[in-house]
Amino acid sequence: NSCWVWDTYECSVLKTNSEDIRCKCICPPYKDVAGQIYKQNVSLKDCNCLHVVEPMPVDGKDVEAYCLRCECKYEERSSGTIKVTIIMYLSILGLLLLYMVYLTLLEPILKRRLFGHSQLIQSDEDVGVGQPFANAHNVLSRSHSRPNMLNKVEHAQQRWRRQVQEQRKSVFDRHVVLS
C-alpha cells in the first residue's frame, strides 16, 4: 500500500477508491507452507505475486517456484453503482410495505367512512350469502366526489368478486352432485 512506487496520480486514485480495486492472489500449499489468499490494493500492472504476497512465506530460490503456483486476479467494482442499486431496492421495498399497510389498515377505515357503516353491513337476505360487497357498485355510482377512474376500478373489482363467487358456487354444486 505504499504510494512511493507509483506516480502521484495512481497513488491518489488508489487512496480514493481503495475498496473498488484490488488484486487477489490465491496461493496453494507449497512444501511446508499452508495455502493462503492475499489481497492488496495495487494497480493492474502490479497485480502479481511479488507485489501482493506480503510477507513472502518462502525465502530465496523458492520465491519464483512459489509465485508460479499463485493465481493472481485484478478485481474492480463500482461501489457507487452498488450503493445506488441498494438504495433503489430498499426504496421500492419500502413503498410496497407502505402500500401493504395502506391496504390492510387504512383502506377499510376509508371505505367505512366514505360509504357509511350502515350501507356496507347488510343482512344475508338483502345481499346473499358470501356477497358482502354486492351493493358497493350502486353506492359508488351515486358518489359524485370520487373520480371516474376509481369508480371503474371498483366496478371491475366487484365484477371479479361476483365471478369468483359464481365459480365457487358451481364447484361446490358439482362436488355435492358427485358425492
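A disulfide is here a pair of cysteine sulfur atoms within 2.5 Å. Such a link is a covalent bond between the sulfur atoms of two cysteines. The model is predicted. A search of the whole structure finds four disulfides.

| Pair | S to S distance | Angle about the S-S bond and hand |
|---|---|---|
| Cys-23 and Cys-47 | 2.0 Å | 75°, right-handed |
| Cys-25 and Cys-72 | 2.0 Å | 110°, right-handed |
| Cys-27 and Cys-70 | 2.0 Å | 115°, right-handed |

**Where the links run**

Take the disulfide of Cys-23 and Cys-47. The pair links distant parts of the chain, 24 residues apart. Cys-23 sits in strand S1. Cys-47 sits in the loop between strand S2 (36–40) and H2. Cys-23 counts as buried because its relative accessibility is 0%, under the 20% limit. Cys-47 is buried too, with a relative accessible area of 15%.

Next, a disulfide joins Cys-25 to Cys-72. Cys-25 lies in strand S1 and Cys-72 in strand S3 (residues 71–76), so the link ties together parts that are 47 residues apart in sequence. Cys-25 is buried at 0% relative accessible area. Cys-72 has 25%, so it counts as partly exposed.

Cys-27 pairs with Cys-70 in a disulfide. Cys-27 is in strand S1 and Cys-70 is in the loop between H3 and S3, so this pair ties together parts 43 residues apart in sequence. Cys-27 is buried at 2% relative accessibility. Cys-70 is buried at 11% relative accessible area.

**The nonpolar core**

In soluble globular proteins, nonpolar side chains tend to be buried together. The largest nonpolar core here has 16 residues. Which of them touch the most other members? They are Cys-25, Cys-27, Tyr-38, Val-53 and Tyr-66. Strand S1 (21–27), helix H2 (49–52) and helix H3 (62–69) each supply at least two residues of this core.

Val-53 touches Cys-25, Cys-27, Tyr-38 and Tyr-66, leaving aside residues up to four places away in sequence.

**The annotated segment**

An unreviewed UniProt entry places the feature "transmembrane region" at residues 86–105. In the model, residues 86–105 are 100% helix and 0% strand. The end C-alpha atoms of this stretch are 28 Å apart.

Note on methods
Residues numbered from 1 in each chain as written. Predicted model: local features only at pLDDT ≥ 70, side-chain atom pairs only at ≥ 80, totals over all residues. Heavy atoms only, no water. UniProt positions renumbered as here; feature names shortened; annotations may be inferred. Helix = DSSP H or I, 4+ residues; strand = E, 2+ residues; numbered from the N terminus. Core = buried A, V, L, I, M, F, W, Y, C linked by side-chain atoms within 4.5 Å. Buried < 20%, exposed > 50% of the residue type's maximum accessible area, 1.4 Å probe, protein only. Contact = heavy atoms within 4.5 Å.
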